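The sequence and the structure come first, and the notes follow by topic.

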Amino acid sequence: MLPVTRVLALGTWLVSQSEATPSAPTISIFQKPPGVIPPGGSITICCICQCSYGSFVMYKNGDQVPALEQSGSMAEFSISSATYEDRGSYNCHYLEGGTSVARSTELEVFVEELRLPRPSLSVLPGHKVTPGADVTFRCTTTHPSTGCYLYLEGQIRAQLLPRERGDYNLSLVQEGDSGRYSCQCYTFNASREWSAASNTLHLVVRDYTLCNAVRLALAAGLLLLLGLIAAEAARSRGCRGWGNRDWGSRCCRG
């Protein structure tokens, strides 16, 4: 059995090692707006790292991308008037002192002709819900034999919707599920054809019970303040009306 002094020394060393070698930062990469874009379309590729200092480098198919705009812990690369040459696999590296310390996953950018009609996205029971609610996204298209993807802006992965209905059920939502959703459909034939992305829905998950309680408290405080102002005004008018009497003057002075 180790002496207590050695155990304490070992614990101190482990703590110092954990503080000296912090975990590597993580980078997230996503496309805004998400989905397949047509020739001539525009997107922005975003990289985010929870880091205090350093710089970003972006690569496309292994080649460094120029004109990367960095602001704090976020870097962006904009593609305007896209061509088929912009298709490919993009990722971000985070550098500290010229050394790459973190790397994002791969983001595939697709540039294709959009030939199918634009689908419509709806959400039930509504776009404002409370935490713990069940939400259903419904992507509706007029073109038969299509599959659809559901996108959440800021996420790299898309949710493939069932072929038979195009619904996606999100159970027990939390505030982290809030965001901008859209859907996009495609055909199942060999030469896959795509639609434009649907309208964007902003899902808001918020505890409205707490919000209403705060509003009620503020309203009660305002009513109390107005009541005090009205009482003081009435008292002042009473004092002025009896100001020519001794006891009225004493009332006002009191």
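**Disulfides, a sheet and a loop serine**

Cys139 is buried, as its relative accessible area is 5% (buried means under 20% relative accessible area, exposed over 50%, partly exposed in between, with a 1.4 Å probe and protein chains only). This is a predicted model, in which local features need pLDDT of at least 70 and side-chain atom pairs count only at pLDDT 80 or more, while totals for chains, interfaces and linings use all residues. Residues are numbered from 1 along each chain as its sequence is written, and side-chain values use heavy atoms, with hydrogens and water left out.

**Disulfides**

- The structure holds 3 disulfides (a disulfide is a pair of cysteine sulfur atoms within 2.5 Å).
- Cys139 is joined to Cys183 with an S to S distance of 2.1 Å, and a torsion of about 80° about the S-S bond makes this disulfide right-handed.
- This pair links strand β13 (residues 135–140), which holds Cys139, to strand β17 (residues 179–187), which holds Cys183, 44 residues apart (strands are DSSP runs of E, at least two residues, and helices are runs of H or I, at least four, numbered from the N terminus).
- Cys183 is buried, with a relative accessible area of 0%.
- Cys148 and Cys185 form a disulfide at 2.1 Å, S to S; its torsion is about 95°, so it is right-handed.
- Cys47 bonds to Cys92 at 1.7 Å, S to S, and both residues are buried.
- Cys46 is buried at 0% relative accessibility, but its sulfur is 7.6 Å from the closest cysteine sulfur, in Cys47, which is too far for a bond.

**Open sheet**

- An open antiparallel sheet of 4 strands has the order β1-β2-β6-β5 (two strands pair if DSSP finds at least two bridges between them).
- β1 (27–32) and β5 (69–71) are the edge strands, each with a single partner, so one side of each has no neighbour in the sheet.
- 6 bridges join β1 to β2 (residues 43–49), 6 join β2 to β6 and 3 join β5 to β6.

**Ser104**

- Ser104 lies in the loop between β8 (99–103) and β9 (107–109) and is buried at 6% relative accessibility.
- Its side chain reaches the backbone nitrogen of Cys92 at 2.8 Å.
- Not counting residues up to four places away in sequence, Ser104 touches Ile27, Ile29, Asn91 and Cys92 (contact means heavy atoms within 4.5 Å).

How values were computed:
Polar contact = N/O pair within 3.5 Å; in protein donor to acceptor, adjacent residues only side chain to side chain.
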